[in-house]
Amino acid sequence: ISSSYSGIFKETKMLVSLKKHLKDFSKKTSSYFVIFLSSIISGAIACNQSLGTILTYELCEELEDKQNMAIILENTIVLLAGLIPWNIAMAVPLKTVDIGLMSGLFAFYLYFLPLWNLFLGIIKEKLSDKN
């Protein structure tokens with residue numbers, strides 16, 4: 001079902017105006033930052049990693065080439081979905097081992113990697129703008 005949304009988004013052109021705003025915002029900030037924010041919002045709305053990944057890709061596909069986008073999606077939505085309490089990526093594992101939501105505070109890798117790459121992405125884009 002999640003995969004069918006990709007075709008729906010493309011054929012109905014529902015995301016065109018939002019994509020334009022995100023592209024403009026990425027020129028003011030950085031493309032990684034825009035993808036990072038889109039990932040958080042998509043993960044919160046979609047409630048699962050697959051739809052969150054598809055939605056983030058559809059919104060931000062014009063900001064990066066495909067290979068770099070795959071790496072960025074892995075470092076953002078795939079990991080950040082595990083930090084959203086109502087997302088399946090967090091709710092199911094915590095319920096399976098019968099521990100509370102506060103356990104998410106100890107998911108250091110899930111916090112560190114996206115934030116570290118956000119920092120590096122912004123630095124990299126600012127340095128490339130100077131050259």
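Q: What makes T76 count as buried?
A: T76 has a relative accessible area of 0%, and buried means under 20% (exposed is over 50%, partly exposed is in between, with a 1.4 Å probe and protein chains only). So T76 is buried. T76 sits in the loop between α5 (66-75) and α6 (77-80).

Q: Before going on, what kind of model is this, and which cut-offs apply?
A: The model is predicted, so to speak of local features takes a pLDDT of at least 70 and side-chain atom pairs count only at pLDDT 80 or more, while totals for chains, interfaces and linings use all residues. Residues are numbered from 1 along each chain as its sequence is written, and side-chain values use heavy atoms, with hydrogens and water left out.

Q: What is the mean pLDDT of the protein?
A: The mean is 88, and 99% of the residues reach 70 or more; pLDDT is the predictor's confidence in each residue, from 0 to 100. Among the elements, α5 has the highest mean (92) and α1 the lowest (82). Helices here are DSSP runs of H or I with at least four residues (strands are E, at least two), numbered from the N terminus.

Q: Which residues does T76 touch?
A: Y32, I35, F36 and S39, leaving aside residues up to four places away in sequence. Contact means heavy atoms within 4.5 Å.

Q: Why are α1 and α4 called roughly parallel?
A: The axes of α1 (residues 4-12) and α4 (residues 49-60) cross at roughly 25° and come within 9 Å. Angles under 35 degrees count as roughly parallel, over 145 as roughly antiparallel, 65 to 115 as roughly perpendicular and the rest as oblique. Therefore α1 and α4 are roughly parallel to each other. As for the axes, these are lines fitted to C-alpha atoms, for helices over the stretch in contact, with angles from 0 to 180 degrees between N-to-C directions.

Q: Which residues of α1 and α4 meet?
A: From α1 there are Y5, S6, F9 and K10, and from α4 there are L51, I54, L55 and E58. The residues of this contact divide into five nonpolar, one polar and two charged. Ala, Val, Leu, Ile, Met, Phe, Trp, Tyr, Cys and Pro count as nonpolar, Asp, Glu, Lys and Arg as charged, and the others, Gly among them, as polar.

Q: What makes α2 oblique to α3?
A: The axes of α2 (residues 16-28) and α3 (residues 31-46) cross at roughly 135° and come within 7 Å. That angle makes α2 oblique to α3. In this pair, L22, F25 and S26 of α2 meet S31, F33, V34, L37 and S38 of α3. The contact has five nonpolar residues, three polar and no charged.

Q: Why does P93 count as partly exposed?
A: P93 comes in at 42% relative accessibility, so partly exposed is the label. P93 lies in helix α7 (residues 88-96).

Q: How do you know that D98 is exposed, and where does D98 lie?
A: D98 has a relative accessible area of 64%, so D98 is exposed. D98 lies in the loop between α7 and α8 (108-130).
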